[in-house]
Amino acid sequence: MSMGYWLADTREGQEAGFLKRFAATHWTVNFPRPMMASVVTSAPDALRVDAVFYGSGDLAGLIWEAEDRWSHPLLAYETDRDFRNCVLSFRWRSGGLRQLDETHGPTLTIEGRDAAGSPRAWYVRLWNYASGGPEDAVIRLDFAALVAGYDLPEEADPVWAGDVDRMFISLVPPGYDEGDTPFVQAQEGWAELSAIACEGAGSVLAVGNVMLPEHGLSMATGYDDCFNQTPERVVAAIHALGYRGAINHYVGMSHYFRLERLGSDLYVSLAGGALNAPCSAWHRDFARRAKALGFGVIWSLSYELFNAHCWNDWKQRAENGDPALTGWEPPSTLLSPAHGGAMAYLQAIATAFVSIGLGADLPILFQVGEPWWWVMPGDGRICLYDDAARAALGGAPVSIPSLWGELDAAQCALLDAAGAMLAASTAALCAAVKAAAPGAVTHLLAYLPTILDPRAPEAKRANMPVGWAAPAFDVLQLEDYDWVTEGRPNLTERGITLATVRLGYPVEAQHYLAGFVLLPEQSGQWRAIMAAARASVARGTAATFIWALPQVCRDGFTCFSIEGEDGVQAFDDVRFPLAIGREASLSPAFSTQIVESPSGHERRSSDWADARLSYDAGPGVRSEADIRVLIDFFRARRGAARGFRFTDPYDDRSGPAGAAPSPIDQRLGVGDGVRSQFPLMRHYGAGEEAQARRITRPVAGSIRVAADGVEMIGGWSHSGLGVIAFDEAPGVGVVLTAGYRFDVPVRFAEDRLEVNRATFAAGEAVSVPLVEIRE
């Protein structure tokens, strides 16, 4: 079974169903920093919003959009901006919020255009349409006769609901005044909408109802990306798109924390609990929904934290005091493994999420996500000089101006000590998790492009410490999306090999996270991501994840499995088992169309740029033992179904027969400063008329490469199928050459193998026809 994909922009005949407008599952929330809110479904026709407010201008919106901007195109509801034939009703209950009858109480803001097409917004006071009390009422909204304004009929502003973009119910704290006065303490509030019903001719929307078959991949996502949606919607989408296994769920770095005020600033806090109330409510429902659909959850917690709310002495710092800041806007920072308070905070957060998993009766799977000493991307400075780290590293650690290039023994020793400190901090974090859940399975996520940056060969001492070697964790998880999206599979292969050798986790104890498409205009990168996922599956990785759900939905990434064998692609990377010497027969063949005119002149057209070879390997069969080997090999290849390697006794190297390969034997190409991959070629003849043959099965360890005639000892690798991948694109005009030995990809020419024991004993050779495979 193999995997394919396509990018769906709309449904084109896929199964659809119907969704009631204003369905509880499809409301979202939004709000300004630093406040927090979440929405969860509490029944098929009910939802609950939880919010925490830090100042007098904080406002959360419970949103319904005319256009479904969050679902995968195959799961999205139709866009219908006309709400005039709809009547919405629900029961409202709330606490800790401005009440329905108060100024700035819950208001329905409708954004769209008026009948003339001019942009408009209307503000509908819900109290004007309520029956009951200010915190418990039934509300009924007929969009064909809806009137905005605070006091009706004095301030009546009729709503034209024929061209609506979105509408939202505003939720504000009791102290709301549209200003920026900070609250001394956080204020929590909640609202529930139950018995949600929509009636009328416009109350039903078409919605995608696909259920893709399982394809073998799992999903990775994060709370910072999907906090605005209901967990029911998120988990149902993952299931409908064919993902199974455990959801690798990054709990984020900017939305889970509680905050306490110090002067005019807010900092992360454990006062009153580890997680804020909206985050706790969302994740309890998320865990329950995952359990119901058969998913596990890998709770992923990193050392990354939103910079604006991180205590200053917790931050990793460069030697000059610069804090470790990521490239996100606004930035996050990295917590120092040496700071006891920072590490105790992470342990408390981890324990809180583990407790949520235990409450849902989920097996506890926990990931330490990308723990590292930050390296400044502009100049290679490593951030291990915060006060706590300095003290732990002896008080005056040696200077490392940059990790890029060679380091001396003292600098390497410092990196080793920093790596040991990092490993001790991750061990303590996992110990805290196992104290809460003794059966927890621990995971380490390592981001290879930073840890194994070829510019910083010693960085792994600090950021892939030997203290992480098996069995420090149960599972090693690897990701390398920069290499994937840049089209550098050679670095992926090399990085995974280095990580495996250094840390000792077998492939069956590894996971792989494939790719990440940051921007919609980069959707072409899904091709490389799918290739990386296939390669992960092929090498036997225990689980392969697509990262991440919001990008999958945004770009319509749709993965599917392809049943059955592909006869052209099926190939076993093994060599024909019998030594045939030079007694085998060889038949190179071209395909040429010849048209003869009445005058006897010919017009010849060559259909093939390269000859296709045929062999008879029968002379290699010299004994009954050889016959048994041949039959076993033939059956294992399923006759002609699967290809294999064959050593051509007449042509098996880049240079002269019998000579060792030289790095200048054959041309690879000429550098242009952009291209980094070049296929191996074997040329026959000279000059422009030379016939070029693509070499796809070089012999391992035999390849030599040169640039402008000088052999390259490093900086390149064989990425597969004869493609030489350079770590950095060769410069403009650089002449690239290579030497190698090679095998020919072949298959048995027939599905039938005839061996007659009597004639063989009489000296008649067995016929074993082979034919070359085009790759």
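Domain bounds here come from an automatic or database domain assignment. On that basis the protein splits into domain 1 (2–208), domain 2 (218–315 + 325–373 + 419–567), domain 3 (571–650 + 747–772) and domain 4 (666–742). Colour by those ranges, then look at domain 1 and domain 4: their C-alpha centres lie 60 Å apart.

Two housekeeping notes before moving on. This is a predicted model, where local features need pLDDT of at least 70 and side-chain atom pairs count only at pLDDT 80 or more, while totals for chains, interfaces and linings use all residues. Residues are numbered from 1 along each chain as its sequence is written, and side-chain values use heavy atoms, with hydrogens and water left out.

**Stop 1**

Helices (H or I, at least four residues) and strands (E, at least two) are DSSP runs, numbered from the N terminus. Two strands count as paired if DSSP finds at least two bridges between them. For the angles, axes are lines fitted to C-alpha atoms (for helices, over the stretch in contact), and values run from 0 to 180 degrees between N-to-C directions.

Contact means heavy atoms within 4.5 Å.

**Stop 2**

Select 246–250, which is strand 18.

Bring in the partners. Strand 17 (residues 218–222) pairs with strand 18 in the parallel sense over three bridges, and glycine 222 stands opposite tyrosine 250. On strand 21 (residues 296–302), five bridges make the parallel join to strand 18, with asparagine 248 opposite isoleucine 298.

**Stop 2: the nonpolar cores**

A nonpolar core is a set of buried Ala, Val, Leu, Ile, Met, Phe, Trp, Tyr and Cys residues joined through side-chain atoms within 4.5 Å. The largest one has 189 residues, and Phe143, Tyr256 and Ile546 touch the most other members. Domain 1 and domain 2 both contribute residues, so this core lies between them. Click tyrosine 256: beyond residues up to four places away in sequence, its contacts include Val251, Leu275, Cys279, Leu305, Tyr345 and Phe353. Apart from this core lies another, of 18 residues, including Ile627, Phe633, Phe646 and Val768.

**Stop 3: helix 10 and a three-stranded sheet**

Select 489–503 for helix 10, which lies across strand 37, strand 42 and strand 43 and runs at about 100° to strand 42. Those strands form an open sheet in the order 37-43-42, with antiparallel pairing. Strand 37 (677–679) and strand 42 (716–720) are the edges, each pairing on one side only. Four bridges join strand 42 to strand 43 (residues 723–726), and tryptophan 716 stands opposite phenylalanine 726.

Back on helix 10, the buried residues are Asn490, Leu491, Thr492, Gly495, Ile496, Ala499 and Leu503. What covers them includes helix 7 (448–451), strand 26 (475–479), helix 9 (481–485), strand 42 and strand 43.

**Stop 5**

Arginine 645 sits in strand 35 (residues 643–646) and counts as buried because its relative accessibility is 11%. Among its contacts beyond four places in sequence are Asp572, Asp573, Arg697 and Asp743.

Finish at aspartate 453, in the loop between helix 7 and helix 8 (459–463). With 12% relative accessibility, aspartate 453 counts as buried too. Leaving aside neighbours within four places in sequence, aspartate 453 is in contact with Trp404 and Leu448.

Definitions and conventions:
Buried means under 20% relative accessible area, exposed over 50%, partly exposed in between (1.4 Å probe, protein chains only).
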